[in-house]
Each structure stands twice: as structure tokens, then as C-alpha cells.
Amino acid sequence: MDKFHIIGGQRLEGCVSISGAKNSALPCMAAGLLTPGTITLHNIPYVRDIITQRRLLEDLGATVLTPELRTHKISAPQIEVFEAPYELVKTMRASVLALGPLLARFGKAKVSLPGGCAIGTRPIDLHLAGFEQLGAEVKLESGNVVARAPETGRLRGASIEFEKVTVTGTENLMMAATLASGTTVLKNAACEPEIDDLASLLNKMGARVRGAGTPIIEIEGVKELGSAEHTIIPDRIETSTFIVAAAITNGELEIRDCQPAHLTSVVEKLREAGVEIFELNQSTLLARGSAKLRARDVTTEPYPRFPTDMQAQYMALMTQAEGRSAIAETVFENRFMHASEMQRMGGRIHIDGRNAVVEGPTRLTGAPVQASDLRASASLVLAGLVAEGETVIDRVYHIDRGYEKIETKLRSVGAQIERVRQSVTAPLPSPQILANAD
Ligand code: UD1
């Protein structure tokens, strides 16, 4: 288990380039199971979750070639195994995205239930109810979901209204419906840019998906999907994290290869808080910190509102802002585990259920802290960048799941951050801690 050692207090300045969105790459890779053809995906980020997803596809019998570091060519003419085992699902919940494509193309799938996770119980009941509405028989057997298409072997189009907005649920159902007979309408669908990105890949493969990126998605089923080539959108959470890195260090970063159009609510909130953000062109932002950051309240909600995946990083920023800010987490229960680590660094944060109040500004001081999930780790890195002295962040495997070479990128703009490799005899993290989320 590696650690990050950070010496805070450096002003960040320079250019950083944003990687492809992990949360888009994961479902797009799963879409490779929908066709006997080959899908070629560019701009795949080099992060741990992608390696896990690749392993899952290969275990199922697909071939994944990487002619270049960020290009994956996925071919699944045949599948030998129809199962995503616990060992993989527990390390990456997005493995459940194999369910929709397997069920749609082969009429059967078995996926281990994700179980408890570090940011609250995260059921997949809405995915399963949706598959049932498409005519599948879904059973729970020994901790696994076992799903079968109707006897015809093909799912049937249906009108499905999600009780609650679910990102991977929308993706799973959207993929399943592409090969169903008839038309499927998904209502109260998630509107995240990653859904739209997946839909454009599916359409290039020959699917008929309309309305992705809005709450109503219509999918006209087709008999077969073919090969396609697609470039993954930039990671909006990584982009937003670097904006906060500029802001929290009172620095100035030119952030390249991003998609400003996907950041509206984050940019709006950060500007209110006193961060200067300029759109230099369609793929470049300039973010500049200010010595006088203002406390501003925020509530996390599904896209296009403020993302839960930026809540922890925003909390780090608010420890440096003048005044009291209230942060409400409405998407996940139990997603404030970074708060207690920030408190140890001197942050004045009070938690009450899904609400947090941050009093600022506080002078953070470096301390040994533990990362609990992907975005929590990013927030601790941000806190470490501004803290006085040395911060040592343990369990950085969480950050490696979703941020490509964050320490290299930060160092290139002036941060003092080092990865220190731990001895291989260190005890393995418990599944409960590994089994987290985004
Ligand atoms: C995705 C993202 C994650 C992000 C989250 C919310 C990926 C790989 N991960 O996770 O980074 O934090 O969206 O933006 O894209 N729920 C149910 N039943 C279900 C499904 C979800 O109750 O069947 C609940 C969840 O517990 C949660 C809420 O719905 O409270 C939203 O979850 P969901 O949008 O499904 O999150 P993920 O798709 O897992």
C-alpha cells in the first residue's frame, strides 16, 4: 500500500492535461460485450478501475488489445463465462455493468451482489427491477444475481420509470434495451454526460438511442450491433479537482483537454466562492485562486446540479473560505468520512447525518491521514497542499482507482508530493474498505 507525502504551502502554477472520464470509459468498455464486432475506444484513462474492468472482460472471454496506452480494442465474438465474480465486484462496483450487455446479447448473466460499501449501502435493486420489466427473470442465489431473458432469448422493450435517479442503472438498462425487441422508454433517467457519451458509442454501433442526457431516453431495439470507434469524453471530476487545487493554493492553472460545458454547476459554485475561472477555448480553462475565498453552501444532486463526486474536494476548499458553509449530501448516505481526517488536520467541521457545516478559514496542519474512498482521497490531497508541514496519506490505492498519475500532474505544477512505496508485507485492506464506489 503506497502513501503520499505532501509538503503543503506551495502555490500551484502551470498547465495540466485532463484524462478521459473513468465513469464513461467503464460503461463504454462493457458495451463491447454487446457486439461480435470490435469497439475501439480512445482516451481511456490509465487508472486502476480500467485495469479491473479489462480483467473482467478478459475473464468473460473477450479480447482487449491496447495498440496505444490510451486506446483499447475490445472484441467479444464469443463469451465463455457469463459471470462477474465477487472478487471483482467487491473491488469495483461498476462490474455490475456487465449484467445488461450479457443479458441482452446472450440471454443470461450472473453477477455477484456488490454488498456494503464505504460510502453507504448501495443497492442495485433499480437495475434489477428494470431488467424484470424488460421480461428477464431475476433471482438471488448465494449472494449472486442470476438473470435470464425470456424463452425467446430476447428481452422485450418496456416503459420503465426509475424511482430514483441512478447513473449505472440508467447505463445498464440502456445497454440491455439496445438489443431488446420493440421500444424501451426510460423515465427519470440520469442525465450525466457519461450517459450521453455511452449513447453516442451505442448509436455508432448501430443502436437507436434518443434523448440521452435528458430524463427521458427512448431506445428502439435492433437485432445486432456492430463495430465502432469512439473517443471518451474528458473527466469532469478530475477537471473540477484541479480547479480546486488552483483555488486552494491561491495558484493559477491552465487546464487543458477538458470539457467546460460539463462543469456548469461546479464552475458557478466556485465562482460564487471567489475562484476566478475563465474559459480560454472549448477545451481549456484557466483557474485562479484568490486570497479571499468566501464560504458558500452547497447541496449535491444528480447532474446537472452539483456532483456528489466533488463534495469532498469542495469541503477541503471551504476550510479555507471566510465564514460558515453548509454542505448537504443528498445522493449518498455516509459520504463524509474525509471530514474526520480533515478535522485531524485542524478543519472545523461538524457533521449531522447528511449535513456538514464547515467554519473557515482555518490554518490546516499536516498530519497522518487515511483515505477512505476515491474522492475522499482527492480531498485529503487538496487539504495537504494547503496545510502547514507534512501530510502523509495512507491507502492511496483509492485515488489510483480514478485519478491518472495525480502526483505526477501535481508535481509538474509545483506541488511537493511524493509516492512512497510500502513493503509488500503490509496487511491487505479489508473487503469492506475496498468495496467502494465511484
Ligand atoms: C455513479 C458513479 C459515481 C457517482 C454516482 C452518483 C460510476 C461508475 N459511478 O455511481 O462516481 O458518485 O454515480 O453520481 O459511474 N441506488 C439505489 N438502487 C439502485 C441504484 C442506486 O437505491 O439500484 C441509489 C444509491 O444507493 C445512491 C443513489 O441511488 O444513493 C445514486 O446511485 P447511482 O447513481 O446508481 O450511483 P452509481 O451509478 O453506483
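## Close-up views of a predicted model

**View 1. Strands β1 and β23 run side by side.** Strand β1 (residues 3-7) and strand β23 (residues 390-394) are antiparallel and joined by four bridges. Strands here are DSSP runs (E, at least two residues), helices are runs of H or I with at least four residues, and both are numbered from the N terminus. Across from His-5 you'll find Val-392 in β23. The model is predicted, so local features need pLDDT of at least 70 and side-chain atom pairs count only at pLDDT 80 or more, while totals for chains, interfaces and linings use all residues. Residues are numbered from 1 along each chain as its sequence is written, and side-chain values use heavy atoms, with hydrogens and water left out.

**View 2. Step back to the sheet that holds β1.** This open sheet has four strands in the order β22-β23-β1-β24, with mixed pairing; two strands pair if DSSP finds at least two bridges between them. At the edges sit β22 (368-370) and β24 (416-420), each pairing on one side only. On average, neighbouring strands of the sheet are turned by 20° against each other, direction ignored. Helix α12 (residues 374-386) lies across β1, β22, β23 and β24, at about 30° to β1. For such angles, axes are lines fitted to C-alpha atoms (for helices, over the stretch in contact), and values run from 0 to 180 degrees between N-to-C directions.

View 3. Six bridges pair β19 (residues 323-329) with β21 (residues 355-360) in the antiparallel sense, and Ser-325 has Val-358 in β21 as its bridge partner.

**View 4. Ser-19 sits in a loop.** That loop is the one between β2 (13-17) and α1 (22-30). Ser-19 is buried, at 8% relative accessible area; buried means under 20%, exposed over 50%, and partly exposed in between (1.4 Å probe, protein chains only). Leaving aside residues up to four places away in sequence, Ser-19 touches Asn-43, Pro-45, Pro-234, Asp-235, Glu-238, Glu-404 and Lys-409, where a contact means heavy atoms within 4.5 Å.

**View 5. Met-174 belongs to the largest nonpolar core.** The core has 77 residues, and those with the most contacts inside it are Met-174 and Leu-202. A nonpolar core is a set of buried Ala, Val, Leu, Ile, Met, Phe, Trp, Tyr and Cys residues joined through side-chain atoms within 4.5 Å. Residues up to four places away aside, Met-174 touches Leu-186, Ile-195, Leu-198, Ala-199, Leu-202, Val-209, Ile-217 and Ile-219. Apart from this core lies another, of 65 residues, including Ile-243 and Tyr-314.

**View 6. Look for a disulfide and you'll find zero.** A disulfide is a pair of cysteine sulfur atoms within 2.5 Å. Cys-28 is in no disulfide either, with the nearest cysteine sulfur, that of Cys-191, 17 Å away. Cys-15 is partly exposed at 35% relative accessible area, whereas Cys-28 is buried at 0%.
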